[in-house]
Amino acid sequence: MREIIIKIALTVLFLSWINGGMIAAKESSGKIQDIGNGGYVLAEDSSNYINASILIISSVNEISSVFGHVAFRMECPLHQLDYVFTFESDSETNDFLTLFGGKAKAAFIAVPTSQFITDIRNEGRGIRQYELNLTHHEKQELWRFLDNDMVEGPHRNFNLTNHCVSMAIQKIQESCIDEQMEWAPWQGVMLLNNGDLVRQYVSRSSWAEFWFVTVLGNRYREYADQTVRISPEQLPHELMRASFVGNDTPTKRPVITGHEQVLLEELQKPDKDIASPTMFFGVLLAVTCLITLAEWMWKRNGRRIAIGYDLALFICQTLAALVLLYIIIFSEVFGKCWNWYLIPFNLLPLLIWLCLHKQKNYGRVYLFYTVVLVVFLFMTPFVSQLDIPHQLLTANLVVRCGSNYMVYNKYSNNNYSTKNETNEL
């Protein structure tokens, strides 16, 4: 990697030196040709001296790559330079909470295009290429910015503001000389709110949809800045409608020129998940109901099974609450905002159990929590973040909390000495 960095840095310095010579020359559109002994001359056409393109890498079902990916391809055919600059998080950061907490450091790295294509092929993904309609000097600037970013190393947090699409747009805008990039009026999916847009983007991966809807919170119904809402798959469509506009003149030219080039066909398109969250949590609810039925039919043995099941269920509920609270409080990806799923997934049941489980009337806590969760279920049609998969999971808690309250009443009314048994949770 160090050799690549040094080589690219020297190349950028050389290109900048050539750029100065071209500005001083009258025929600044001439193509540089090697005449031997380290000498170069200008020919008639230099439009291909540097080629700058964006690459769109297709998505996969893995949650970290479900949106796809964007990268730059920078070429200097004269010097046989061909690199892909890709915005990546630190390869040493594999911690799930660090990544989705927005704490992972990221920067552009340069990879030889042949190696990059091989790596993507091994993942079964596809690559499409679109040429950027930058001027020659703007292409040089883009290359210089990418090179400097890479040399600086991972120094940005990978979050809602800094990701592959937003950083690609930023570098294109920074490269503009005496002009700026102007977006066309937004239309289609870009008019959806954040949550509905995410559902549209990840519709092929129901588990990714489940995760992102869980952590979006009230940002679900908001509208973030459009440049951070564009997905890799949507980016070419928006760039084709965008234009470069001169600062002093009304002249426009398209941001992308030419046609789509398929560098690598997808070997395997993402399929819909076989076991979706709706199916999984539906089956879990059926198991919960069967265990609850056994609890009442088999009495002592059924109660033992139910206690073990409740222990596992509420441990999972507590772990989910911890993850959700971490994302809400510390995440730089989704930010601090109210999240409706804090109602079923919070630490209050655990705290109440720790403080009150030995109290005589502790069983009434089950009744209170059951009522709260039932009201939460009835809110589903009125809150956009709430949906069937999540509420199936909530229904599991409703069934068990309701059953535990009824068990408490049964033993209490019959003067059974079952205090420890009914307070296992």
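The legends below accompany close-up views of a predicted model.

**Figure 1. Overview of the predicted chain.** The chain has 425 residues, of which 49% count as buried, and its secondary structure comprises 15 helices and 12 strands.

**Figure 2. The largest nonpolar core and the surroundings of Phe 72.** The largest nonpolar core has 53 residues, and those with the most contacts inside it are Ile 54, Phe 72, Phe 85 and Leu 132. A second, separate core of 16 residues includes Ile 328, Leu 342, Phe 376 and Leu 393. In soluble globular proteins, nonpolar side chains tend to be buried together.

Figure 3. Helix α6, which spans residues 194–201, is mostly covered, with six of its eight residues buried. The buried positions are Asn 194, Gly 195, Leu 197, Val 198, Arg 199 and Tyr 201, and the buried residues of this helix pack against α7 (206–216) and α8 (226–229). Arg 199 counts as buried because its relative accessibility is 18%, where the limit for buried is under 20%. Arg 199 forms a salt bridge with Asp 387, and the closest N and O atoms of the two are 3.0 Å apart. Because Asp 387 lies in the loop between α13 (364–378) and α14 (388–413) while Arg 199 lies in helix α6, the pair ties together parts that are 188 residues apart in sequence. Asp 387 is likewise buried, with a relative accessible area of 11%.

Figure 4. The side chains of Glu 179 and Arg 253 meet in a salt bridge, with an N to O distance of 2.6 Å. The pair links distant parts of the chain, since Glu 179 belongs to strand β9 (residues 179–182) and Arg 253 to strand β11 (residues 252–254), 74 residues apart. Glu 179 is buried, its relative accessible area being 11%.

**Figure 5. Other salt bridges in the chain.** The count of salt bridges comes to 19. In one of them, Arg 125 pairs with Glu 123, the closest N and O atoms being 3.0 Å apart. Arg 125 counts as buried at 6% relative accessibility, whereas Glu 123 is partly exposed, with a relative accessible area of 46%. Elsewhere, Asp 149, Arg 156, Lys 171 and Glu 174 are linked in a network of salt bridges. Side chains of opposite charge can pair when their charged atoms come close.

Figure 6. Leu 290, Leu 293, Met 297, Trp 298 and Ile 305 make a nonpolar surface patch of about 580 Å². Helix α10, covering residues 277–297, gives the most to this patch, with three residues. Leu 290 lies in helix α10 and counts as exposed because its relative accessibility is 59%, the limit for exposed being over 50%.

Notes: Residues are numbered from 1 along each chain as its sequence is written. This is a predicted model: local features need pLDDT of at least 70, side-chain atom pairs count only at pLDDT 80 or more; totals for chains, interfaces and linings use all residues. Side-chain values use heavy atoms; hydrogens and water are left out. A nonpolar core is a set of buried Ala, Val, Leu, Ile, Met, Phe, Trp, Tyr and Cys residues joined through side-chain atoms within 4.5 Å. Buried means under 20% relative accessible area, exposed over 50%, partly exposed in between (1.4 Å probe, protein chains only). Helices (H or I, at least four residues) and strands (E, at least two) are DSSP runs, numbered from the N terminus. Contact means heavy atoms within 4.5 Å. Patches are made of residues with over 30% relative accessible area and no salt bridge: like charges are joined within 9 Å, nonpolar side chains (Val, Leu, Ile, Met, Phe, Trp, Tyr) within 5 Å. Accessible areas come from the Shrake-Rupley method with a 1.4 Å probe; for residues, only the protein chains shown count as cover. A salt bridge is a side-chain nitrogen of Lys or Arg within 4 Å of a carboxyl oxygen of Asp or Glu.
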